[in-house]
Amino acid sequence: MNLWICTEERPKLKVLELIVQRFLADSKWCAFVDNLRILPVVEDSKFSFDYEIIGVKCNQIQKIFLEIVSGASSFVDYLVFFQEHKPTQNDIPLYLIEETKTDDSESRNTGVYQRITKFVYAHFFYPNSQKIMLYNLKVLQKEKPTQTSIFGTRILRTLGVEILGKSFKDDDGILKPFANIKELIEFKTKMRKAPKGNVPIEIIESSENKIQVSGRLLKSGRLAHDPNIGAISGIASTLRKLGFNGEIEIISHGLNQAQVGTKNKFIQIANLLNLSLAGLTIPKIEIQNIGVCKKAYWHYEQEGEKLATIFIHLLIENFSSGKAIFENHAGCEKGYFITSDNQYIALQKYQDREIYKAGNKNAIVFIPDLILLDPENLEIINIEGKTYENRHKGIEELKNYDFIENEYIKKHYPTYKIVRSVVLYGSCESKIIEIEIGFLLNSKGEMVLGIKAPQIFIFSLKNLLDFWKKQ
């Protein structure tokens, strides 16, 4: 049978190797894993929208395929299946894997709280799939975990999520699930209080059959406070897991009724966990056939620009000596900027934070979707990804890269020429007339080079087609 790895992220070789190794260990099969590569599958000179992973030799595995998918709501990064046929929404994955590069040293909330929501939601679709939180760290792990990290990790462990990629001291107690509701509440109560003026996350036993959880859910005028959504979802799910069947009411949330819509991931989770919002009515949502048909959870990506930017990214890294030194594919986790001495640094968000806060939205740092390094031609290519119908907007956005080029690229790669290019997905067009467009992957899988396509595009695409050329 085949191993199928479905992801809405740009697949990373280290993560794929960890997934394969974990599957082999669980299966107790002998295999050789060496020099993994991700190959776009080409049939009749067209991209099939499938990728094959090579570099694994195991007699029990026929082939390993990778598919780009998207979630309808709060979706984990990887679904892993072992079966003969291409997965459908009715198939049940072996693993649900969430991956992050973020540690306590960068963000207490992003590394744990924002990930909890995904596991809470996914559990209702796939209660028997193994859940794994994978830390693919690029920076040094914080020596002593914060109380936020310990609390969030213990929630994950209580919900049956395995933690991989981080090391912990035995005395941290970070991997110990909560034994009961009292222990959960006592731990949260002893944590450091929120700064004055902030709404603290608190768990309050208001009666025998009612528990209140406080936490602000309002951000920028809507229900969008992701860290608190994760924390509250995790606390509520843990209360249910530990046997509490009474009312769970969310208080001090800051919302009004108009801000509570049916498509928000928290409202869906509130329906699934039977939560209430103080002073508001939560709309009832029928989430499509949970436990029977999984169509509401994921689908194969067929429309987004990331189909083209991820294709170019993987093409360059597997069929040339080039590599990406920054990535921000649509709907994917933003990467670090990689310097010439292989240091990973986070790009700043604002050219001037104070000016931005004063109302000048152009004071942010405009960043490309992808930055490629071509060592053979001494070029760096800044790429803006767009769908075909938005190509002119993409061309216009190429003008915004002065800051990142002056402050980062020229500083760390002073001998390289900088090129700006648009990469497109969609339409049935088979030619490009705008010189700013370097590449088009159309909906039929045709791979079309632009009039002034970067040399590394031309070289890599030729190598790909030669690889799949039939003798």
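## Strand β6 and its neighbours

Two strands are said to pair if DSSP finds at least two bridges between them. In this predicted model, strand β6 meets that description with strand β7 (residues 130–135), since 6 bridges join these two strands, which run parallel.

## How β6 is enclosed

Strand β6 spans residues 95–100, and because 6 of its 6 residues are buried, the strand is largely enclosed by the rest of the structure. In a regular strand the side chains alternate between the two faces of the sheet. In β6, Tyr95, Ile97 and Glu99 point one way, while Leu96, Glu98 and Thr100 point the other way, and all of them are buried.

In helix α4 (residues 181–190), the buried residues are Ile181, Leu184, Ile185, Phe187 and Lys188. Viewed down the axis of α4, these buried residues fall within an arc of 160°, so they line one face of the helix. An α-helix has 3.6 residues a turn, so residues three or four places apart point the same way. On the other side of α4, Lys182 and Lys190 are exposed.

The elements that cover the buried residues of α4 include α3 (147–158), β9 (202–207), β10 (210–214) and α5 (226–241). At the N-terminal end, α4 is capped by Asn180, with a side-chain oxygen 3.3 Å from the backbone nitrogen of Lys182.

Technical notes. Residues are numbered from 1 along each chain as its sequence is written. This is a predicted model: local features need pLDDT of at least 70, side-chain atom pairs count only at pLDDT 80 or more; totals for chains, interfaces and linings use all residues. Side-chain values use heavy atoms; hydrogens and water are left out. Buried means under 20% relative accessible area, exposed over 50%, partly exposed in between (1.4 Å probe, protein chains only). Helices (H or I, at least four residues) and strands (E, at least two) are DSSP runs, numbered from the N terminus. The arc is that of the directions from the helix axis to the C-beta atoms. Contact means heavy atoms within 4.5 Å. A polar contact is a pair of N or O atoms within 3.5 Å; within protein, one must be able to donate a hydrogen and the other to accept it, and residues adjacent in sequence count only if both atoms are side-chain atoms.
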